[in-house]
Amino acid sequence: MGKFTAIILVCLFATLHVPDASPLPITAPAFLWSTHDHGGSGGMSEIVNYRRLSTKDLAKTVLSEGGWSNFVCSRDNLQKSVDVAVVLVGKKLQSSDISRSSHVEQDLIDLLKVSFTSSNFSMAFPYVSVSDEKEAFENSLISEIMETCGDHTQVNNVAFTDSCSVKGEGLVKLEGLPAAYEYIRSKLQTESKGQTDLVILCSSDSQSSNELGENVSEGDILSELISFLAKSDARYTVLFTSDPYRSIHYPSHQTLERFLAEGPSGKESISSTSCDSVCQFTSTLLEGVIVGIVLLLILISGLLCMLGIDTPTRFEPPQES
């Protein structure tokens, strides 16, 4: 009985100490702010939601706690309405980048922090789960508006740039950022009190290089957008969300795309000291294999030692002195 108990304990120890081989989930931040309080949650001006949300949960939270349902579902209270609601979907920023001292998108991070603290109402979502879901965030947001509002939807028009993956009928497609600015300008010049236009902008490297003549960062795009809205004296609200997997067209070839991104010389991989999701997955898998092999050798050695013990079947009686 003692032998079997020892075997069970060794197997349980091996199971508990083999780490999970699945990669760590990647999360991205999202920020919501507005020039005025349009009925957000609890009457607070600055809210941080530390829960880990999916893209669908983010859309629901923006409508409920973020107060968007007050102007996209009903126009009974014109004081809470906005002229335009802008959604900017990026594809580079991750949650871990917020706490780093230096990053290629540091201007974007600084701009988001300033917009969060200086607005009349703002919400931050530090941990939005990034997954390989087929439905993009912009589609989740539109679907959630239609599901929440139903027949009481008060969105005047939904416009989106050509880099977005928006599906639906009756939507306005815009050819790049200049067309989006022109659309917003024409919207503000018309008399449409109580009606909100939803404008969705999606980051795209090809869009930045072809239309603007240079590789414009997401921070520059957001800065130009906020400056344009501020000069127009519009009542607006902005939602920025990031999805780093948007640029990966073939998720099954992530390792190959990572290798190609490092360049042919491989200098970046040699000089880099950071460990991304692929690196973490590989190191965790190798660690689990090595620990499992060591524990298996210990188990086999213990079994062989116990099997090698040969106790006598009978004992001779003690000799009388």
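Which residue forms a salt bridge with Arg51? In this predicted model, the partner is Glu65, and the closest N and O atoms of the two side chains sit 3.5 Å apart. Glu65 lies in the loop between helix 2 and helix 3 (69-72), while Arg51 is in the loop between strand 2 (46-48) and helix 2, so the bridge ties together parts that are 14 residues apart in sequence. Neither end is hidden away: Glu65 counts as partly exposed at 26% relative accessibility, and Arg51 also counts as partly exposed, at 45%.

Stepping back for a moment, the protein chain is built from 11 helices and 8 strands. It runs to 321 residues, of which 38% count as buried. Taking contacts between residues at least 6 apart in sequence, 82% join residues at least 24 apart. One example of a pair set well apart along the chain is Pro126 and Phe31: they are 95 residues apart in sequence, yet their C-alpha atoms are separated by 8.1 Å.

Pro126 itself belongs to strand 4 (residues 121-130). Once its neighbours within four places in sequence are set aside, Pro126 is in contact with Ala28, Pro29, Val48, Asn49, Tyr50 and Ser95.

Back to salt bridges, which come to 3 in the count. Another of them pairs Glu182 with Arg185, with 2.7 Å between the closest N and O atoms. Both residues are in helix 6 (residues 177-189), and being 3 residues apart there, they are separated by about one helical turn. Glu182 counts as partly exposed, with a relative accessibility of 45%, and Arg185 counts as partly exposed too, at 32%.

Then there is the bridge between Asp197 and Lys187, where the closest N and O atoms are 3.6 Å apart. This pair links distant parts of the chain, 10 residues apart, with Asp197 in strand 7 (residues 196-202) and Lys187 in helix 6. Are these two residues, Asp197 and Lys187, buried or exposed? Both of them are buried.

Now for the helices and how they pack. Two packed helices are described by the angle between their axes and the distance between those axes.

Helix 2 and helix 5 pack at an angle of about 50 degrees, and their axes are 9 Å apart. That angle makes helix 2 oblique to helix 5. The crossing of helix 2 past helix 5 is right-handed. On the helix 2 side, the contact is made by Thr55, Lys56, Leu58, Ala59, Lys60 and Leu63, and on the helix 5 side by Phe137, Ser140, Leu141, Glu144, Ile145 and Thr148. By class, the residues of this contact between helix 2 and helix 5 divide into 6 nonpolar, 3 polar and 3 charged.

Which residues meet here, in helix 6 and in helix 8? From helix 6 come Leu177, Tyr181, Ile184 and Arg185, and from helix 8 come Ile221, Glu224, Leu225, Phe228 and Leu229. The contact of helix 6 with helix 8 has 7 nonpolar residues, no polar ones and 2 charged.

Helix 4 brings Leu108, Leu111, Leu112 and Ser115 to the contact, and helix 8 brings Glu218, Gly219, Leu222, Ser223 and Ile226. The residues of the contact of helix 4 with helix 8 divide into 5 nonpolar, 3 polar and 1 charged.

Note on methods. Residues numbered from 1 in each chain as written. Predicted model: local features only at pLDDT ≥ 70, side-chain atom pairs only at ≥ 80, totals over all residues. Heavy atoms only, no water. Axes fitted to C-alpha atoms, helices over the stretch in contact; angles between N-to-C directions. Helix = DSSP H or I, 4+ residues; strand = E, 2+ residues; numbered from the N terminus. Parallel < 35°, antiparallel > 145°, perpendicular 65-115°, else oblique. Left-handed = near helix turned anticlockwise from the far one by under 90°. Contact = heavy atoms within 4.5 Å. Nonpolar A, V, L, I, M, F, W, Y, C, P; charged D, E, K, R; others polar. Salt bridge = Lys/Arg side-chain N within 4 Å of Asp/Glu carboxyl O. Buried < 20%, exposed > 50% of the residue type's maximum accessible area, 1.4 Å probe, protein only.
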